[in-house]
Amino acid sequence: MLTKLTGGRIYDPANSINNEVKDIYIRDGKIVSAPSDGQFDKEIDVRGKVIMAGAIDMHTHIGGGKVNIARTMLPEDHAADVVARTELMRSGCGHAAPSTLTAGYRYAEMGYTAGFEPAILPINARQAHMEMGDTPIIDKGGYVMLGSDDFLLRMMASNGDQEAINNYVAWTMTHSHAIGVKVVNPGGINAFKFNQRKLDLDEKNKFYGITPRDILMRLATAVKELGVPHPLHVHGCNLGVAGNLEMTIDTMEGINGLPMHMTHIQFHSYGTEGDFKFSSGSAQIAEVINKHKNITADVGQILFGQTVTASGDNMRQHAAHPFASPNKWVCMDIECDAGCGVLPFKYKDQSYVNALQWMIGLETFLMVDDPWRVFLTTDHPNGAPFTSYPHLIRLLMDKTFRNDILSTLHPEAQKASHLASLDREYTLYEIAIMTRAGAAKLVGLADRGSLSVGAGADITVYTDNEDREKMFTKPDYVFKDGTMVVKDGEIVEVTWGTTHVVKPEYDNSIEKSLKPYFDKYHTQKMGNFKISDDEIVDDGRGSITVQPLHAGGKI
Amino acid sequence: MSALTFTLTTSAKQRIDCSPLTTDLLADKSLADIAAIELVIGNSSERVDSLFELSGDDATDIKFVNSTDKLDFIGRNMTSGKISIEGNVGGYLGLFLEGAEIEVTGDTGIYTACEMKSGQIKINGNAGDFVGGARPGYKNGMTGGTVIVTGNTGDRTGDHMRRGTILIEGNAGDYCAGRMISGTIAVLGDVGAHLGYGMKRGTVLLTQTPSTGLGANFNDCGSHTLAFLPLLFNSFKKLDSKFASVDSFSRVQRYAGDVGGIGMGEILVKI
């Protein structure tokens, strides 16, 4: 069936289309060119409406062990937000850590058609994929977490060559079905087990003698040489520590031009000036990002209210546990291979630190010049639940709204920030870059985030509204692979998205050393570690989409 | 005006959520409206009049007759008036109760007076586990009010209890006052094992040393004459309970714990 969307105002940065009136044709889940005979089966009148590709959340914790811990630990999060079943949708609950089904519905209702889980521990990847497999409508995928795993650290400690590390990274990505590689507090999760409670960029792991800088170089090199489109996804050292600014800059500059994505950079942009010994470093951070074209960043904006922080960074979560609200928290080792920390948190607008965090995030958005290299995230749920994205978009697009809220925050924090003097307002085109075209390019999705002929028909249709929060909360229509899943902000059909992966090539000889390692140290055998395609495809509800690698991969 | 009475006419096979039947929610409703309320039973729902026979008209004074242990959530969130129950009740009796009164002639299930804020619950029978406790995963149990149990209580009485008073005329089960934050629990009978496990603050008052003894996590602080005890007993005088007629005493052996934590809880045993 050929469907025509007639007369919408198209914002498609992937094709440099900025607010042009054009028709879009959909057939068999793809965007197609106009039929030569002018015949179509169904027409939807979208004249005057704003059309963008489906939005892509490139960093959102929607699956895996730590989300489940958050769910288990926070019955109050669920009791306060209960969704009953309908004829169409299953029941669910949860505000900060929603159930899988509810997460999928809520993303779709906001016009999001893909979300990427940024911290899949290889040994837990099966469970993460099962959870994401239960997240309806949206496409998903994940970044596999490396850098604190003993196998890599052993290879590095024995000066293993880069080729072997590349093989290990590619092997792990392939068998855990990842689309990228993430490193969390490089080596810090491992160092925590040797009783180190902080780890600077050039500080050695007590046991392995390896520094976070070494790990970043090795992994960033591997990702580049394998041709993986998504740059190394880095959650840096010393998250949340006043004065971590310099180390963040050092991390970005020290990678020597290799592609690197700095995630939730707001949490890594703190100085030590002023009476509170806590100040904004966003100007310096933005300057470095602007200068280094190899660096991309997502912000990890905080918004005020109750949420839960779930991170693989057990070292920093352990340090932050006195601030847990309500007062309960978990830090744990996972399968002797990594760790995680989960603690509920309430961001308060009358707290100096929280108010300044809010300002630092917005300053970063407004001072990074290139919207292709900065991404809209709240590090769901760590800064705020993803359902607050429309509010965040309004903060970026509406200076008056932003300054009105700013003027109600902790007065000393207001004095410490120059946010009020930033006049920039994001345009719809820039929002489309950040949340669609740019995100697709960053993650490495060749067929998403654009309205090109041949792309997957993930399309959102909004009614233009000066109140951008209202506009982005409730799209008129959302199409997922050509199926109308949302009408007037409500789900009308439930579909199941695909899982995006990359399959970098590797030399299978790596299994010669991996097999005995699994036999001796791991909780499962190597054969069981490997997730087969069938497990994700399930009974046909799920599917796997292999995205292309960059040309020129070394292997 | 006579009490609004719900007489259970069916032998319920599945649990019935009675939380809509409180003085607050039924005020200003006609009998026909009340009869049409849908109650959740198991995984479906049924009208009130298909389960109960209704009579009376005073919605500030509610009675349940023929009650069984399948009736859950009676008196949830109730802030005024009284509910009297003839028979047993199920779980979560008086959940979040605030300022109202509940009296039961039989036994209650788990989580009686769970996270109760104020008011009074009297049970003329035995109570189940977690009397005055917090819901699973929550940090604070009852934060005020009085619970009187003429019989025995199950395990984990006063789990996470934050404030208020639990008076037990019979025996208390294991882990009594476990994880207790503050408040008062008094027991006239015996107490099970692990009394005060994880107790932070608060007072447990006993008339006899527990038959299983006290755990190593409580330190003996010697015998004391505590002037507040006669005042406490005096405050019991107005209650419809054996505690009203207990001979006041002020000499007690004091034990402090749980020393595995902050150790500011106390167990006082009459000498």
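A residue counts as buried when 20 or more other C-beta atoms lie within 10 Å of its own. Keep that in mind for the views below, which come from a predicted model.

**Figure 1. Helix H13 of chain A, a helix tucked inside.** Helix H13 runs over residues 389–397 of chain A, and seven of its nine residues are buried, so the rest of the structure largely encloses it. The buried ones are A:Tyr389, A:Leu392, A:Ile393, A:Arg394, A:Leu395, A:Leu396 and A:Met397. What sits over them? Part of the cover comes from other helices of chain A, including H12, H14 (399–406), H16 (428–443) and H17 (468–473).

**Figure 2. Chain A as a whole.** Let's step back for a moment. Chain A holds 20 helices and 26 strands. Its radius of gyration is 22 Å, close to the 24 Å that the globule rule gives for 555 residues, so chain A is as compact as a globular protein of that length. Its C-alpha atoms fill a box of roughly 70 × 60 × 45 Å along the principal axes. Of its 555 residues, 56% count as buried. Now look at contacts between residues at least 6 apart in the sequence of chain A: 76% of them join residues at least 24 apart.

**Figure 3. Helices H10 and H12 of chain A, side by side.** Two packed helices are described by the angle between their axes and the distance between the axes. Here H10 (residues 282–291) and H12 (residues 352–367) of chain A pack at about 30°, with their axes 9 Å apart. Angles under 35 degrees count as roughly parallel, and H10(A) and H12(A) are therefore roughly parallel to each other. Their crossing is right-handed. On the H10(A) side, the contact uses A:Ser282, A:Ala283, A:Ile285 and A:Ala286, while H12(A) brings A:Ile360, A:Glu363, A:Thr364 and A:Met367. Sorted by class, that contact has five nonpolar, two polar and one charged residues.

**Figure 4. Helices H6 and H8 of chain A, crossing over.** Which way do these two helices lie, roughly parallel or roughly perpendicular? The axes of H6 (residues 162–176) and H8 (residues 212–226) of chain A cross at roughly 75° and come within 9 Å. H6(A) and H8(A) are therefore roughly perpendicular to each other. A:Gln162, A:Ile165, A:Asn166, A:Val169 and A:Ala170 make the contact from H6(A), and they meet A:Arg218, A:Leu219, A:Thr221, A:Ala222, A:Glu225 and A:Leu226 of H8(A). The class count for this contact is six nonpolar, three polar and two charged residues.

**Figure 5. Cis peptide bonds in chain A.** Most residues other than glycine have a negative phi, and most peptide bonds are trans. The bond from A:Ser325 to A:Pro326 is cis, with omega near -5°. You'll find A:Pro326 in the loop between helix H11 (314–320) and strand E18 (330–334) of chain A. The bond from A:His380 to A:Pro381 is cis as well, with omega near 0°. A:Pro381 belongs to the loop between strand E20 (374–375) and H13 of chain A, and H13 is the helix from the opening view.

Figure 6. A:Asn159 is not a glycine, and yet its phi is positive, near 55°. It lies in the loop between helix H5 (150–157) and H6 of chain A, and with 6 other C-beta atoms within 10 Å it is exposed. A:Lys277, also not a glycine, has a positive phi of about 55°. Its place is the loop between strands E14 (270–271) and E15 (279–280) of chain A. A:Lys277 is exposed too, with 11 other C-beta atoms within 10 Å.

**Figure 7. A:Thr408, out in a loop.** Is A:Thr408 buried or exposed? With 11 C-beta neighbours inside 10 Å, it counts as exposed. Its loop runs between H14 and helix H15 (411–415) of chain A. From A:Thr408 to A:Asp349 is 59 residues in sequence, but 8.0 Å in space, C-alpha to C-alpha.

Figure 8. Chain B has four helices and 17 strands. A compact globule of 271 residues would have a radius of gyration near 18 Å, and the 19 Å of chain B agrees with that. Its C-alpha trace spans about 65 × 35 × 25 Å along the principal axes, and 44% of its residues are buried. Five residues of chain B are in contact with six residues of chain A. On the chain B side, those are two nonpolar, one polar and two charged residues.

Definitions and conventions:
Residues are numbered from 1 along each chain as its sequence is written. Chains are lettered from A and ligands numbered from 1 in the order in which they are written. This is a predicted model: local features need pLDDT of at least 70, side-chain atom pairs count only at pLDDT 80 or more; totals for chains, interfaces and linings use all residues. The radius of gyration is taken over C-alpha atoms; the globule rule is 2.2 Å times the number of residues to the power 0.38. A residue is buried if 20 or more other C-beta atoms lie within 10 Å of its own, exposed if 12 or fewer, and partly exposed in between; C-beta atoms are placed from the backbone. Two residues are in contact if their C-beta atoms, placed from the backbone, lie within 7 Å. Ala, Val, Leu, Ile, Met, Phe, Trp, Tyr, Cys and Pro count as nonpolar, Asp, Glu, Lys and Arg as charged, and the others, Gly among them, as polar. Axes are lines fitted to C-alpha atoms, for helices over the stretch in contact, and angles run from 0 to 180 degrees between N-to-C directions. Angles under 35 degrees count as roughly parallel, over 145 as roughly antiparallel, 65 to 115 as roughly perpendicular and the rest as oblique. A crossing is left-handed if the near helix is turned anticlockwise from the far one by less than a right angle, and right-handed if clockwise.
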